[in-house]
Amino acid sequence: MRPDRPDRMEVVDEVRRVRFGPGSLDLLAEEVDRVGDGPVLVVSTPGQRGLAERAADLLPAGRATVLAGAAMHAPPESVEQGVREVDRVGAGIVVAVGGSSSTALAKAVALQRDTKIVAVPTTYAGSEMTPVWGLTQDGVKRTGRDERVRPVSVVYDPTLTLSLPVRTSVSSGFNAIAHAVEGSYAPDGTRLTDLHAQGGIRALLSALPVVVDDPDDLEARSAALFGAWLCGATLADTRMGLHHALCHRLGGALDLPHAELHAVLIPYVLAYNLQAAPLAAEAVAQTLGGPAESAAEALQAAGWSWGTPRSLADLGVTAADLDRVGPDVAGGEYVNPRDVTPEDVQRILWAALAGDPADEAVTRSRL
């Protein structure tokens with residue numbers, strides 16, 4: 001354990017529940033009933049409409065309405081539609097079915113209407129465990145923390161992740177790993193969040209190669225979802241650093257795929273902050289092999305071998321995009337264990353644009 005973590009801490013969580021295991025979706029009605037009665041709005045992306053309707057059918061007839069209008073980065077038109085639908089049906093509960101886009105929509109609605117959220121994740125993002133919200137307007141993604149948006153119940157059913165494509169599974173897992181990496185060096189971390197971070201990293205890095213080899217391996221899918229849960233719990237109790245600042249700025253401005261962006265950038269930020277991230281580096285090294293000093297390089301190599309995008313260019317980012325967006329990140333509101341200059345940000349982003357080795361790129365940033 002890091003010596004600067006407190007020996008004593010208080011954990012208060014009086015209302016939130018987690019149900020975990022294959023077939024847990026069948027417990028949805030029980031979880032919704034615990035939250036309250038009255039109309040329910042089930043939200044999903046258009047591609048997850050079928051699952052959202054299946055979830056709605058588990059509730060008493062006529063109680064649930066489905067809105068398959070969630071979109072990446074919670075754009076205003078999606079949020080406005082969600083608020084209108086909550087008002088129309090009089091829903092006090094929103095069930096978010098799917099990945100981070102569905103969860104983000106449910107959180108945005110809760111900010112405006114104080115609705116309670118029951119989350120049914122189908123990816124490994126982990127955002128369902130956090131009080132963090134994000135809204136995008138005019139190319140700017142704003143984030144904040146509010147306990148009203150933290151789901152009061154999360155139903156983790158690993159069978160729902162079996163259909164998640166392998167490449168999406170891996171990128172989604174790296175999204176969760178990024179939460180744990182940043183939580184491991186957050187100034188408000190505790191020994192409990194350290195345990196969550198290390199456990200989540202190990203679980204995901206152990207499970208993902210099995211998922212790549214056999215996407216139908218339910219045990220591996222369960223382990224990956226368990227890791228996502230731990231990584232999300234880490235982010236729930238710690239502040240975000242440089243990595244999330246980069247992802248939010250680029251993702252909102254360029255409408256980039258959320259999980260894939262995390263997967264590309266996290267090795268570079270881990271390398272940049274490596275001296276302040278011994279717990280994350282140790283967890284990566286112990287799982288993937290090699291010394292902790294090479295953890296960022298090992299993480300990057302693992303992601304590439306499992307199918308993550310190799311660069312920002314693979315996501316459609318151009319040099320002109322970085323010239324326009326990159327300089328704003330260094331002055332953003334975030335905490336980071338190492339000072340960050342605009343030149344450091346540019347070097348990291350240009351290295352990620354080209355897909356350079358993470359360790360080599362960060363070495364250059366120190367010259």
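On a 1 Å grid over the protein atoms alone, a cavity is a set of points where a 1.4 Å probe fits but cannot get out, whereas a pocket is an open set with protein on both sides within 12 Å along at least five of seven lines. Lining residues have an atom within 4 Å of a point. Points are joined across faces, edges and corners, and volume is the space filled by probe spheres set on them. The model is predicted, with local features requiring pLDDT of at least 70 and side-chain atom pairs pLDDT 80 or more, while totals for chains, interfaces and linings use all residues. Numbering runs from 1 along each chain as its sequence is written, and side-chain values use heavy atoms, without hydrogens and water.

One cavity of 30 Å³ or more was counted. The largest cavity has a volume of about 60 Å³. Its lining includes Phe 174, Tyr 268, Trp 304 and Arg 310. Helices α9 (258–272) and α11 (295–306) each contribute at least two lining residues; helices (H or I, at least four residues) and strands (E, at least two) are DSSP runs numbered from the N terminus. The lining of this cavity comprises eight nonpolar, three polar and one charged residue, where Ala, Val, Leu, Ile, Met, Phe, Trp, Tyr, Cys and Pro count as nonpolar, Asp, Glu, Lys and Arg as charged, and the others, Gly among them, as polar.

The largest pocket holds about 620 Å³ of space. Of its 35 lining residues, Gly 99, Ser 100, Ser 101, Ala 125 and His 258 lie nearest the centre. Elements giving two or more residues to this lining include β6 (132–137), β7 (140–145) and α5 (166–184). Helix α4 gives the most, with five residues. The pocket lining has 22 polar, 10 nonpolar and three charged residues.
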